[in-house]
Amino acid sequence: QVQLVESGGGLVQAGGSLRLSCAASGRTANINSMGWYRQAPGKQRELVATITSGGTTNYADSVKGRFTISRHNAETTMYLQMRSLKPEDTGVYYCKGSILIGPLTLDYWGQGTQVTVSS
């Protein structure tokens, strides 16, 4: 089992910055990749950024150049630095950790943290 807890959300004006954190506990040594996802009201959850244990990152086109994902394996913590925020970045941001067991992938989710960007 893996437990994930997000923090750092809040209300910010357009153009501002926020840094989200995701603290992992439990069987963290088995986590392969981690990622941030978000869900805006009335919309489906979407990928924001992912990072593997080797440090390979992937970003949604909408956040490239503005968001930076990082991961401190020793601290079992993942971060999302968000800059130049836009109102369309508003949503609940979720942390996900994935464990590979042979051909199977087990996904664990945090409970989310609200990010609201005002215009």
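A salt bridge is here a side-chain nitrogen of Lys or Arg within 4 Å of a carboxyl oxygen of Asp or Glu, and by that criterion E46 forms a salt bridge with R38, the closest N and O atoms being 2.7 Å apart. The model is predicted, so local features need pLDDT of at least 70 and side-chain atom pairs count only at pLDDT 80 or more, whereas totals for chains, interfaces and linings use all residues. Residues are numbered from 1 along each chain as its sequence is written, and side-chain values use heavy atoms, with hydrogens and water left out.

**Salt bridges**

- The structure holds 5 salt bridges, and R38, E46, R66 and D89 are linked in a network of them.

**Nonpolar core and surface patch**

- A nonpolar core is a set of buried Ala, Val, Leu, Ile, Met, Phe, Trp, Tyr and Cys residues joined through side-chain atoms within 4.5 Å.
- The largest such core has 28 residues, and those with the most contacts inside it are W36, L80, M82 and Y93.
- Strands that give two or more residues to this core include β1 (2–7), β4 (31–39), β8 (77–82) and β9 (91–101), while the largest share, 4 residues, comes from β3.
- In soluble globular proteins, nonpolar side chains tend to be buried together.
- On the surface, I101, L104 and L106 form a nonpolar patch with about 270 Å² of accessible area together.
- A patch is made of residues with over 30% relative accessible area and no salt bridge, like charges being joined within 9 Å and nonpolar side chains (Val, Leu, Ile, Met, Phe, Trp, Tyr) within 5 Å; the areas come from the Shrake-Rupley method with a 1.4 Å probe, and for residues only the protein chains shown count as cover.

**Disulfide**

- A search of the whole structure finds 1 disulfide, a term that stands for a pair of cysteine sulfur atoms within 2.5 Å.
- The disulfide is formed by C22 and C95, whose sulfur atoms are 1.9 Å apart, and with -65° about the S-S bond the link is left-handed.
- Because C22 lies in strand β3 and C95 in strand β9, the pair ties together parts that are 73 residues apart in sequence.
- Both C22 and C95 are buried.

**Strands, pairing and turns**

- Strands (E, at least two residues) and helices (H or I, at least four) are DSSP runs, numbered from the N terminus, and two strands pair if DSSP finds at least two bridges between them.
- β4 and β5 pair in the antiparallel sense over 6 bridges, with A49 in β5 as the bridge partner of W36.
- The hairpin of β4 and β5 has 6 residues between the strands, and G42 in its turn has a positive phi of about 75°.
- β5 runs antiparallel to strand β6 (residues 57–59), to which 3 bridges join it, and the bridge partner of I51 in β6 is T57.
- The hairpin of β5 and β6 has 4 residues between the strands, and G55 in its turn has a positive phi of about 95°.
- β7 and β8 pair in the antiparallel sense over 6 bridges, with H72 opposite T77 in β8.
- The covered face of β7 carries F67, I69 and R71, and its uncovered face T68, S70 and H72.
- In the loop between β8 and β9, S84 has a positive phi of about 50° although it is not a glycine, and S84 counts as partly exposed at 40% relative accessibility.

Key: Buried means under 20% relative accessible area, exposed over 50%, partly exposed in between (1.4 Å probe, protein chains only).
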